[in-house]
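User: I would like to go through the labels attached to this model and hear, for each of them, what rule stands behind it.

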Amino acid sequence: MPEKKLGVLILGAGWVSTQHIKAFQNNPHTEIVGICSRRLESCKLRAEESGLTDIETYTDYEEALKHNNVDIVSICTPQHLHAEHTIAAAEAGKNIVIEKPIANSVDEMKSMKKAVHKAKVKTVVSFVLRWNPLFAIIKRMIADD
């Protein structure tokens with residue numbers, strides 16, 4: 001019996017969402033089930049550019065978070081919205097990927113952490129270059145002096 005793929009909601013349809021979409025498309029354990037942005041045209045354009053068909057598009061993130069097949073929310077919105085969106089996603093019981101910078105203040109980060117811990121969901125801050133082979137080589141060269 002095939003393993004169920006984790007459903008991903010892309011929250012935000014700006015440039016950075018293209019990178020998140022590619023990453024989830026390349027992950028055999030995930031599938032993108034929705035895109036949410038303030039403009040429906042942006043959602044549809046991003047879906048079309050990425051070859052995504054048969055997905056939901058939203059302009060209301062609270063409505064998008066109610067989507068039954070969403071397991072992961074990838075937050076690609078402007079940073080001043082990260083705390084609000086992270087807290088809402090956590091309260092909806094969704095696991096979260098947060099684009100950097102994570103927040104605008106320590107207080108926002110503390111509120112985000114509290115919501116994530118209370119909801120017992122998983123979260124990670126996106127730093128896509130973390131796994132780039134170039135950085136592994138540089139790290140090894142530094143270690144080898």
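**Labels and the rules behind them**

User: Why is Ile-75 called buried?

Analyst: Ile-75 has a relative accessibility of 0%, and buried means under 20% relative accessible area, with exposed being over 50% and partly exposed in between (1.4 Å probe, protein chains only), so Ile-75 counts as buried. The model is a predicted one, in which local features need pLDDT of at least 70 and side-chain atom pairs count only at pLDDT 80 or more, while totals for chains, interfaces and linings use all residues. Residues are numbered from 1 along each chain as its sequence is written, and side-chain values use heavy atoms, with hydrogens and water left out.

User: Where is Ile-75 found, and what does Ile-75 touch?

Analyst: Ile-75 belongs to strand β4, residues 72-75; helices (H or I, at least four residues) and strands (E, at least two) are DSSP runs, numbered from the N terminus. Contact means heavy atoms within 4.5 Å, and, leaving aside residues up to four places away in sequence, Ile-75 touches Leu-11, His-82, His-85, Thr-86, Ile-96, Val-97, Ile-98 and Glu-99.

User: What makes a set of residues a nonpolar core, and which residues have the most contacts inside the largest one?

Analyst: A nonpolar core is a set of buried Ala, Val, Leu, Ile, Met, Phe, Trp, Tyr and Cys residues joined through side-chain atoms within 4.5 Å. The largest has 22 residues, and Leu-9, Cys-36, Leu-65, Val-73 and Ile-96 are those with the most contacts inside it. At least two residues of this core come from each of β1 (6-11), β2 (30-36), α3 (61-64), β4, α4 (82-91), β5 (95-99) and α5 (106-119). Helix α4 gives the most, with 4 residues. Apart from this core lies another, of 15 residues, among them Ala-13, Ile-35, Cys-43 and Ile-72.

User: What makes a nonpolar surface patch, and which residues make the one of about 380 Å²?

Analyst: Patches are made of residues with over 30% relative accessible area and no salt bridge, like charges being joined within 9 Å and nonpolar side chains (Val, Leu, Ile, Met, Phe, Trp, Tyr) within 5 Å; the areas come from the Shrake-Rupley method with a 1.4 Å probe, and for residues only the protein chains shown count as cover. The patch is made by Leu-134, Phe-135, Ile-138 and Ile-142.

User: Why is the pair of Lys-4 and Asp-71 called a salt bridge?

Analyst: The rule asks for a side-chain nitrogen of Lys or Arg within 4 Å of a carboxyl oxygen of Asp or Glu, and the N to O distance between Lys-4 and Asp-71 is 2.9 Å. Lys-4 lies in the segment before β1 and Asp-71 in the loop between α3 and β4, so the pair ties together parts that are 67 residues apart in sequence. Lys-4 is exposed at 55%, while Asp-71 is partly exposed at 22%.

User: How many salt bridges does this rule give?

Analyst: The count comes to 5, including Glu-41 with Arg-39 at 3.6 Å and Glu-63 with Lys-66 at 3.8 Å.
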